[in-house]
Amino acid sequence: MNFDQIIERRGTHSAKWDNMEAFSGISPDEGIPMWVADMEFRAPEVVQRALQKMVDHGIYGYYGGNDSYLDAVQWWAENRHGWLPPREGIYVTNGIVNGLQLCLQAWTKPGDGVVIFTPVYHVFPRLIRAQERVAVECALVQRGDRYEMDFDTYESQMTGNEKMLVLCSPHNPGGRVWSPEELQQVADFAKRHDLILVSDEIHCDLTLPGHTHTAMTRVDPSIMDRLVMMTSATKTFNLAGGHVGNVIICDEKLRRDFAKALASFGGSQNSFGQVMSEAAYSPEGAEWLDALLVYLAENARIFEEGVNAIPGLQVQHLEGTYLAWVDFSGTGMTPEEVRTRIKDAGIAVNDGISFGKGGEDYQRFNLATQKVRVEEVVRRMRAAFSDLQ
Ligand SMILES: Cc1ncc(COP(=O)(O)O)c(C=O)c1O
C-alpha cells in the first residue's frame, strides 16, 4: 500500500493519460492529468490476487454463479454502511451509467422531466438529453465553502411533468456528504412531486475522516416504493475499467419494472469487474480503503490550503470524493482566461461548464494522485495566478 509510488500509465489505454492531449491539448509528457475520475493508485493486493487466479486459470468465458458476489455486496453494505441490501433486489449492471440509463428507460418516457441538482456529474444531463428526456436543472447554492440545496426555488421550478429525480450522494463535483436532514428533504421532495428517486451512491465509500455517508435506504422507510439505489466498488478501489455496478431495489413492483429494462438491454455480466469487486468488498479491501482515505485527506488539505491562499480562488471544502471543485469567480476573470491559464500551466482539469447550470466559474481537479503531484499542481497554480498575489 504505497500511495506515494509513481506508476507509469502512458501507453496503457488509460483514458486519463492516453486521451489527455486530445482532450485538453496538454502533452502527457509534461502535463499533470487531474481530470477523469479514476486514481493513480494500484488496486489492493486482494484484487490483484483474484485477477491473477483468473489469469492462471486462463479461460475467460461467460460469468455465472453470482452468489459469492452478492454475499460480498451484502457484507460490504452491512459492515461499512449499516444496512443490509435485499439479496433478490440487487441487479448487476455494466456500471452505474448503464444502471442510470436503464432507470430512465424503466420509469420515464421521451419528454418527461428528470430533476438533477446542478452542477452535477456531467454524464447525468448528457444521458438524460440523449434519451430525449428533459434535464430539469435545480441549481445548488454555494454557502461559504459548500453547496446546499434550496427547495423553495426548486418548488417553483416544478411543472408536473417531472417523473424522476437523480441524486448524486456524495456529490460530484463539490464533495458534499449530504446530511441525514438534507437527504430527508430530498425524500420529502420526491414524495411531494411523485418522483422515482434514483440515488447514485458510487462515491459512498470515499468519505474523508470526520464525515459519514448515509445510505438513502436508511433515511425514510416510506420512500421504498420509489427508491432505486446504485453502488459500485469501481470508484472506491480504482476498478472503473471493470464496468460493474449494483442497482439495488427494495420494492417488488419497481423490481419488475427494472428487470424488464435490464432484459431488454441484452447485456451480460462482466466477469473481470465482478471478480475484482467481490475480492475488494472484503476485510482486506476495507483496510486498504481506510489507508487510502487518510492519504486522500492529506492531499485535500495540501490542495485546499495551497489554492485557497491564492486571492480570488476558493476550493469547496472536501467532505467526500477525491474531486476538488474550485471557484474562480473571485478573480474577476472570464472562464476563458481561467481555462487558458490552467492549460498553460500544464494541468488537465474538467471544465465547470460541463457540469451544468452554476458550473461556469469552476474547474474540477482530481486529487487521487501522488502527493508530490498535488504539491506540484499547487506550485503551478500559484505561478499561473501570481499576478493576484
Ligand atoms: C456520480 C457518478 N456516477 C457514475 C459514475 C461512473 O460510473 P460507471 O463508470 O460505473 O458507469 C461516476 C464517475 O465518475 C460518477 O462520478
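**Helix 8 and beyond**

Author: The buried residues of helix 8 pack against helix 7 (151-157), strand 7 (162-168) and strand 8 (196-200); helices (H or I, at least four residues) and strands (E, at least two) are DSSP runs, numbered from the N terminus, and two residues are in contact if their C-beta atoms, placed from the backbone, lie within 7 Å. This is a predicted model, in which local features need pLDDT of at least 70, side-chain atom pairs count only at pLDDT 80 or more, and totals for chains, interfaces and linings use all residues. Residues are numbered from 1 along each chain as its sequence is written.

Reader: Which residues of helix 8 are buried?

Author: Leu183, Val186, Ala187, Phe189 and Ala190 are buried in helix 8, where buried means that 20 or more other C-beta atoms lie within 10 Å of the residue's own, exposed means 12 or fewer, and partly exposed is in between, with C-beta atoms placed from the backbone. These residues are on the same side of helix 8, because they cover an arc of only 160° around the axis, the arc being that of the directions from the helix axis to the C-beta atoms.

Reader: And what does the face turned away from the buried side carry?

Author: That face of helix 8 carries the exposed residues Glu181 and Arg192.

Reader: Which phi value does threonine 321 have, then?

Author: Threonine 321 has a positive phi, near 70°, and lies in the loop between strand 11 (314-315) and strand 12 (323-327).

Reader: Is threonine 321 buried or exposed?

Author: Threonine 321 is buried, with 31 other C-beta atoms within 10 Å. Histidine 13, whose phi is also positive, near 60°, is exposed, with 9 other C-beta atoms within 10 Å.

Reader: Switching topic, how many residues surround the ligand?

Author: There are 13 residues around the ligand, and the closest are Ala37, Gly95, Ile96, Val97 and Tyr121; a residue counts as near if its C-beta atom, placed from the backbone, lies within 6 Å of the molecule.
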